[in-house]
Amino acid sequence: MKILFACGGTGGHINPAIAIASTIKAKQPDVQILFAGNPKGMEAKLVPQAGFDFAPIIIKGFQRKLTWFNIKYNISSVFYLTTASARSKKLIESFGPDLVVGTGGYVSGPILRKAAQLGIKTVSHESNAFPGVTTKLLSRYVDEILLAVPEAKKYLDPKCKEVVVGNPVRESIVYADRQKAREKLAVGDKICIVSFGGSQGAHRLNQAMADLMAWHTKKGSEFEGKIHHIHATGKYGVEDFPQMLREKGANFEQNPNVDIREYINDMDDCLAAADLVICRAGASTLSELEAAGRASILIPSPNVAENHQYHNGMVLVNNNAAVLIEEKNLTGESLCKAVQELVSQPQKLRELGQNAQKLSMIDANERIYEELMRVYRSKK
């Protein structure tokens, strides 16, 4: 059996594909798996690291903001788009897949559509509550759309077949030991806050987080010494964040209760140890919060296609599983107020976490595998 995965652009598209491919490989060691993606994208690094073969194919999207750089970029995008069908056909025919699976990103569209035209079984997985343009277009052509949440159904072509399966989640998140994680991270009996804004970092989040740290580390503060705070600044916040803290008078240097990093590499331990998580509202992140059963304050990124992180976050809010602050309303004061209200009510934190866990589909990997095999075995 041969399976071609098409994905790229962000970790939210790539990591689910890798998780699905890993599940398939574990169950069927003889399966041949190939990933297609942009040679300059994250996928070109992450896919080989995960042990899968990678085939480069350049397919670009369009930049909406009009700048000279973006105009030149869009001109090249037109070229790649007009030749995408022929290049997709060549790649598909050279590999000869029995099944083609897309998990989002510009590369998914042309490859899955061409595969469908060639009579090959096709499946697309949509991780967001508000489907992207690619998924909406593909819903007319593919054999099946796999959804993370039922709220996404209403945006798809009414004739398409869809199944709610959840988002794949790493087993290390699901089965992490809370007590061992808290011992490992030296949290003790303190309230543990984990915050992050993505691998690149988010300046507005870092600013607000500096205010939050200044508030709970301040001498004489109600919560001084009672909160253990782990914060990932992201790549572009590494140098700026300590200076922000100094300007705000935060007691962070040599403070054992303040753990500042560029990136969280041990997310399984951090989520297991956390009492409250403050983060963006990407689909994969929310699935991990649900699987871990953690209370959260969500700050959706406004810089994503069709504001889909807001829609993702509102699924949790509407189920009393999270608090949401839109970035346009984010200030240090508003964040400190929201955190104070939650950490002052341990029962509220537990309630949000329990409700989040009720939304989790920890068997998503198994569900997705079964659906892919069902489509593969079905008649075209």
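Visitor: Before we look at the model, what is a pocket?
Guide: On a 1 Å grid over the protein atoms alone, a pocket is an open set of points with protein on both sides within 12 Å along at least five of seven lines. Its lining residues have an atom within 4 Å of a point. A volume is the space filled by probe spheres set on the points, with grid points joined across faces, edges and corners.

Visitor: What volume does the second largest pocket have?
Guide: About 300 Å³. This is a predicted model, where local features need pLDDT of at least 70 and side-chain atom pairs count only at pLDDT 80 or more, while totals for chains, interfaces and linings use all residues. Residues are numbered from 1 along each chain as its sequence is written, and side-chain values use heavy atoms, leaving out hydrogens and water.

Visitor: Which residues lie nearest the centre of that pocket?
Guide: Ala148, Val149, Glu290, Val315 and Leu359, out of 21 lining residues. The elements giving two or more residues to the lining are α12 (283-292) and α13 (308-317). The largest share, 4 residues, comes from α12.

Visitor: How do the lining residues divide?
Guide: Into 11 nonpolar, 8 polar and 2 charged. Here Ala, Val, Leu, Ile, Met, Phe, Trp, Tyr, Cys and Pro count as nonpolar, Asp, Glu, Lys and Arg as charged, and the others, Gly among them, as polar.

Visitor: New topic. How many helices and strands does the protein have?
Guide: 16 helices and 13 strands. Both are DSSP runs numbered from the N terminus: helices are H or I with at least four residues, strands are E with at least two.

Visitor: In what order do the 7 strands of the open sheet run?
Guide: The order is β3-β2-β1-β4-β5-β6-β7, with parallel pairing. Two strands pair if DSSP finds at least two bridges between them. β3 (53-56) and β7 (162-164) each have a single partner strand, so one side of each is left without a neighbour in the sheet.

Visitor: And what packs on that sheet?
Guide: Helix α4 (residues 84-95), touching β1 (2-6), β2 and β3. Contact means heavy atoms within 4.5 Å. The direction of α4 makes about 155° with that of β1; axes are lines fitted to C-alpha atoms, for helices over the stretch in contact, and angles run from 0 to 180 degrees between N-to-C directions.

Visitor: What about the open sheet of 6 strands, in what order does it run?
Guide: β10-β9-β8-β11-β12-β13, again with parallel pairing. Strands β8 (residues 191-196) and β9 (residues 227-232) pair over 6 bridges, and the bridge partner of Cys192 in β9 is His228.

How values were computed:
1 Å grid on protein atoms, 1.4 Å probe; cavity = no way out; pocket = protein on both sides within 12 Å on 5 of 7 lines; lining within 4 Å.
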